[in-house]
Each structure stands twice: as C-alpha cells, then as structure tokens.
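Here is a short briefing to read alongside the model. Please keep the sequence and the 3D view open as you go.

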Amino acid sequence: GSILKTVAWKKSNEELILQLRLDPQAVGRHWAAVELGAKDAPKEAVDALAATAADPCIEVTRAAARSLGVAATDAAVAALLGLRSHLHPLVRRTVLEELAAFASREEVAKALRDALANDASIRNRAVASQSLANAGPSTFDEIAAFFERNKLQPREVAVGVDLLPLDPTE
C-alpha cells in the first residue's frame with residue numbers, strides 16, 4: 001500500500017522574489033506574488049511586486065497589487081500609487097480597491113480624487129468613489145457630485161479587456 005500525504009513547502013522571500021522575476025510560467029509568477037503578500041513585507045519584496053507592472057499577464061500584476069495592499073508599508077503604498085497609471089482597466093481597478101485601506105492618507109486621497117475625475121473607465125471611477133469614502137464623511141459631497149455628474153452615463157458592460165457600451169451605435 002501507499003500513504004497519501006500533503007507536504008507544505010514554504011519558500012523564502014528570496015526564492016519567491018526570484019520566482020516572481022524569472023519564472024517563465026504565469027501561474028508560477030502569480031503564486032509567488034500571492035505568497036509575497038505579508039504584513040510588513042521587506043523592501044526587496046515590495047520592489048519585486050512593484051516591478052510586475054511590466055508583466056505580460058495582468059493577473060500577475062493584479063495579484064501583486066493585492067499583495068502590496070496587504071504589505072501596508074509606505075513603500076507598498078507608493079508602489080500602488082505607481083501602478084495606478086497601468087494601461088489595463090482591471091489592474092487599475094484592483095489598485096483602487098487596495099488603496100481604500102489607505103484613503104485617509106493625503107497622497108492616496110488625492111490619487112483617488114484624480115481617478116474619480118479622470119479614469120477612462122466609469123467602473124473604475126465608481127470603485128474610486130467607494131475607496132475615497134473610506135477617508136471619512138468629509139468626502140460625501142464630492143462623491144455625491146460624482147454620481148450626479150455620471151447618472152446619465154450610458155450603461156456599460158465588461159467585454160474582453162475593456163468596457164464597451166451596451167448599444168453598439170453609441
């Protein structure tokens with residue numbers, strides 16, 4: 001007979017950073033990004049997670065953004081702010097969701113206000129409004145103004161990698 005057993009092997013941060021940078025498979029880079037997400041992650045881990053902005057797989061970048069949110073260091077918040085300008089709307093949405101925990105910081109609130117006013121995706125602007133609400137009741141008026149400005153926006157649905165109007169003639 002044989003005995004079935006599960007073995008857990010915890011990699012060191014150095015191994016995970018190398019895997020995140022060098023693994024040719026996206027699933028391995030994604031796993032490394034998730035595993036690097038820890039409270040008070042070392043600067044090297046934060047730098048490696050921030051470098052995923054150039055990763056060809058957006059899910060790796062999104063996992064890295066989530067891990068940066070968990071890390072919650074000043075360097076991680078700065079890296080999240082840097083990822084806010086990513087070309088893909090789903091990456092920007094994940095970044096805006098992660099920034100919610102830091103909305104009371106002035107630089108984060110400023111970035112959320114900018115996304116609320118200028119992001120190309122109406123859904124990302126809505127996420128920015130939700131995240132900005134975490135800064136406190138003082139943001140109510142600007143969030144209400146956002147919804148007032150956008151109440152006549154055409155409804156959108158997610159198709160492929162970007163948002164397209166429901167009516168193709170629009």
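Angles between axes under 35 degrees count as roughly parallel, over 145 as roughly antiparallel, 65 to 115 as roughly perpendicular and the rest as oblique. This is a predicted model, in which local features need pLDDT of at least 70 and side-chain atom pairs count only at pLDDT 80 or more, while totals for chains, interfaces and linings use all residues. Residues are numbered from 1 along each chain as its sequence is written, and side-chain values use heavy atoms, leaving out hydrogens and water.

**Overall picture**

- The protein has nine helices and two strands; helices (H or I, at least four residues) and strands (E, at least two) are DSSP runs numbered from the N terminus.
- Along the sequence, the order is α-α-α-α-α-α-α-α-α-β-β.
- Of the 170 residues in the protein, 41% are buried, where buried means under 20% relative accessible area, exposed over 50% and partly exposed in between, with a 1.4 Å probe and protein chains only.
- The accessible surface comes to about 9900 Å², with 58% belonging to carbon and sulfur atoms; areas come from the Shrake-Rupley method with a 1.4 Å probe, and for residues only the protein chains shown count as cover.
- Among contacts between residues at least 6 apart in sequence, 57% join residues at least 24 apart, a contact being heavy atoms within 4.5 Å.

- A72 sits in the loop between α4 and α5.
- Most residues other than glycine have a negative phi.
- A72 is not a glycine, yet its phi is positive, at about 60 degrees.
- A72 counts as partly exposed because its relative accessibility is 26%.

**Two helix pairs**

- Two packed helices are described by the angle between their axes and the distance between the axes.
- The axes of α2 and α4 come within 8 Å and cross at roughly 5 degrees; axes are lines fitted to C-alpha atoms, for helices over the stretch in contact, and angles run from 0 to 180 degrees between N-to-C directions.
- α2 and α4 are therefore roughly parallel to each other.
- A26, R29, H30, A33, V34 and L36 of α2 make this contact with E59, V60, A63, A64 and S67 of α4.
- For α3 and α5, the axes come within 10 Å and cross at roughly 5 degrees, so this pair is also roughly parallel.
- Here K43, V46 and A50 in α3 meet A75, A76, A79 and L83 in α5.
- The residues of the α3 and α5 contact divide into six nonpolar, no polar and one charged; Ala, Val, Leu, Ile, Met, Phe, Trp, Tyr, Cys and Pro count as nonpolar, Asp, Glu, Lys and Arg as charged, and the others, Gly among them, as polar.

**V95 in helix α6**

- Helix α6 is mostly covered, with nine of its 11 residues buried.
- V95 is in helix α6 and counts as buried because its relative accessibility is 0%.
- Leaving aside residues up to four places away in sequence, V95 touches A65, L80, L83 and R84.
- The C-alpha atoms of V95 and R66 are separated by 7.5 Å, although these residues are 29 apart along the chain.
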